[in-house]
Amino acid sequence: MPILEGQGVTKNFGGLAAVSNVDFHVGQGEIAGLIGPNGAGKTTLFNLISAAHPLSSGVIRFKGQKLNGLKPHQICRMGVARTFQEIKLFGNMPVFQNVLVGAFFGTPTRISAADAAREANQALEFVGMSAMTATLVQDLTLVNQKRVEVARALATRPELLLLDEMMAGLNTAEVSEAMELVTKIRDKGITIFMVEHVMKAIMGICERVMVLHHGEKIAEGTPQEIVTNKEVIEIYLGEETRAAS
Amino acid sequence: MDITVFKSKKLVVVGLVLLILIWLATSPLYASSSNIRLLSTILMYIILAVSWAMFSGPTGYMSLAPAAFFGVGIYTAAFLYARGSPLLPLPAVIVAACAISFVIALLVGLVTLRLKGIYFAIFSFGLIVLLGLIVQYWENQIIGRRGQHVVAEGTETVFYVMLAILVATLLVAYFLRRSRWGMAMLSIGGNEEAATHMGVNTTMVKVFTFAISATFMGAVGAIMATRWIYVDPSTAFNPMYSFMPVLMAVFGGMGQLYGPVLGAAVFAYLERILRREFPAYYMIVFGVILIIVVLFLPGGLVGLIPKLRDRLRGVIAKLRKGGQTEQHANT
Amino acid sequence: MIESLPSIIIGGILMGSIYALIAMGLSLQYGVARVINLAHGEFIMIGAMLTWMLSTSFGVNPLLSVAIVGPFLLVIGFILHRTLFTSLRTKAPSQGAFEGSSLLIAFGFIFIFQNIAILIWGGDVKAYSYLNFPVRFLGTTFAANRLVAFAFVIAIGVAFFFFLTRTRLGKAIRAAAQDPATAGLMGVNINWVLPLCFGLGAFLAGLAGVLLSMSRAISATMGLSYTIIALIVVALGGLGSIPGSFIGGFILGIIGSIVSFWQPALSMIVFYGIFLILLLVRPTGILGKK
């Protein structure tokens, strides 16, 4: 049974169908990718999974349990964590406290302060931010802010991690480091579902890729299959041509 | 080394606080009646400012409702502790005021805090007038008389009850701030959407904290009624009692517990002096001060201290460097 | 005087026209300038008191006062926003912080304006008489000044509709209401349009004050109730929707008139009740978008 699956997932905003009748699934332990041109509905799909928005129709299941009607904090406690396209760190706290929030509240059962602190420290160490625990988040570079977001998500002890355009704005070296980090996370037993524009990452670490366009799923397969898929090439090349003219 | 310094600093602070409390507790023995009354007023404002900051500080949700819950407390005393026919003893009246304020805040919070912040702001602002109108309607239709008389309590009784409420408020505010609940509130203020995705039940945290803060406002209203003796809807539900705590907490700074305490002490005293001399002018000045603080000093006095400390360090470092270069130049 | 159904409904429409006017102003201030102007009622009060002063001390015709009071409040509103709220917009770390801080500033305005008014005019109730003769129509009787006020509001509503839909400035305002950042990129000078809208909101409030002063007694403390009514109407009509505020004002006016016929003291309480029910059932309001 896939750890995450959706059937007929649809989201309408006013008259616009942001996500239209999408079926998808992510297998346990996979690194799955979600790509598509801007406005394809990728982040909306993530928002539907994490319940930031309610579904218009369809059903999403996590470990067999329906997520419809649940609130984001409940879904987090079930084991789904995420990062955000525009970084949403707590600007009024230093790095350590940011991650501590995840450690305290992300678990379904009450956790002691000592255990929470340990979780937070471990998460920060995992992403390589142990040296900057007292820094205010506004003083961090973009890369480090993304690291903290990942650490915060990891501190909630997820089984599934949704990464929303984690590589955006990173240079080549940073992208490689990020790819390593993602693989390390998967090796810990956490399933990864990532939205990405940076093809190097998609090709490099994803085992399966889904393509969305205008809210509909138009292709699915291994990175190799996707890259050679005629329709996919169409929409991306089409984008480029339109952009060029 | 760091831990022992930290611990000794904490002991000093605790010792200081205890000293102040002892001084306050014994003040009726040597202070004049009018000074005790002034102290009671200052304590009242501190309680209002601290309990307002308890919720609005970390979450960033600006509540304008303190006057509403203060009025609830006043009228709880008016109905349960009426002159000539009190229904309950004073401690029970205070507790009743706490309970009623808590429930009303809970209901208001449940309806408005699950929506965008603006609805909460509108409703918390309107609550003052709404409750005043309801009480006024009740008095007109059911009782037939405007205004109620409350059992009069002596200056000292009022003072000691106020002191007790203050201690309770400060304790709750302190432990709330340091607990994981306080951290949840901060996360809501930091980024509410992220907070909810990290497992924080934001609605519940907001609603309960709001209700707890209202409890103290109600308590202080109830005891104040026994000093005012006569109360009516317009004096009980007066927007001033929302304005002053907000001004005090914002001026003092909400980053630390003692910020609102400081702000309350300053402005309570200022109000006492200025109201006699310049009745309408002082409110204009206070309003302008609020605007200036919001624009230029959003962290309040408390927020100023780290900046001043850094400046001071910078100055000292420059002086040191200057001394050193002089030395080198002389050799 | 026997209260007949037409009398109640028309009375509600007449009162509702004032509500529509003040709600429109508040909607401009929130929808475009993004400020929850809790001091909106104080602008109404200033308009009313100025008109009273001009009428009683200088014998100026209240309808002509509009030409003085309106621009005066427009300028004040513009300056206030340009100096205070524009600076806040750049300083505030987030939209939420901006809304919170601007709320506090508007809250401070209430006490500043009220007390300035008390200092200048005193806290007592004032009134003057203008077009006070009764007009009979459709079996009802109403003071002429209320009918004139209604006609004024309709004229302003129509004028505003054309302004917002047909003129360049109006379209710029609507663009800024949708998305200030994008509008800025498209060449709309946000630093002027936003304060202008805030000023326009104050302008409309001032007009409402002029019209109110013609038919009822006024005082320096009259503002708060009108602010709350305006807030409820704006929420009822949908936050940020100017047509919604316009319609919502009339709806609330009619409801208020019906309630007043039955129990006058309950009308405001009923408004709150409606507000609460609305928040529970349909928070976006009748024509709401966000």
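In this model, 36 residues of chain C are in contact with 33 residues of chain B (contact: C-beta atoms, placed from the backbone, within 7 Å). The model is predicted: local features need pLDDT of at least 70, side-chain atom pairs count only at pLDDT 80 or more, and totals for chains, interfaces and linings use all residues. Residues are numbered from 1 along each chain as its sequence is written, and chains are lettered from A and ligands numbered from 1 in the order in which they are written.

**Chain C side facing chain B**
- Helix 3, helix 4 (95-121), helix 9 (223-237) and helix 11 (267-281) of chain C each give two or more residues (helices: DSSP runs of H or I, at least four residues, numbered from the N terminus).
- Helix 4 of chain C gives the largest share, 16 residues.
- By class, this side has 28 nonpolar, seven polar and one charged residues (nonpolar: Ala, Val, Leu, Ile, Met, Phe, Trp, Tyr, Cys and Pro; charged: Asp, Glu, Lys and Arg; polar: the others, Gly among them).

**Helix 2 of chain C**
- Helix 2 (residues 40-58) of chain C has 19 residues.
- Of these 19 residues, 15 are buried, so helix 2 of chain C is largely enclosed by the rest of the structure (buried: 20 or more other C-beta atoms within 10 Å of its own).
- C:Gly59 follows helix 2 of chain C and has a positive phi, near 65 degrees.

**Helix 2 against helix 3**
- Helix 2 and helix 3 (residues 62-91) of chain C pack at about 135 degrees, with their axes 10 Å apart (axes: lines fitted to C-alpha atoms over the stretch in contact; angles run from 0 to 180 degrees between N-to-C directions).
- Their contact has eight nonpolar, four polar and no charged residues.
- Among the contact residues are C:Phe43 and C:Leu50 of helix 2 and C:Ile68 and C:Leu73 of helix 3.

Methods:
The expected span of a helix is 1.5 Å times one less than its number of residues. A residue is buried if 20 or more other C-beta atoms lie within 10 Å of its own, exposed if 12 or fewer, and partly exposed in between; C-beta atoms are placed from the backbone. Two residues are in contact if their C-beta atoms, placed from the backbone, lie within 7 Å.
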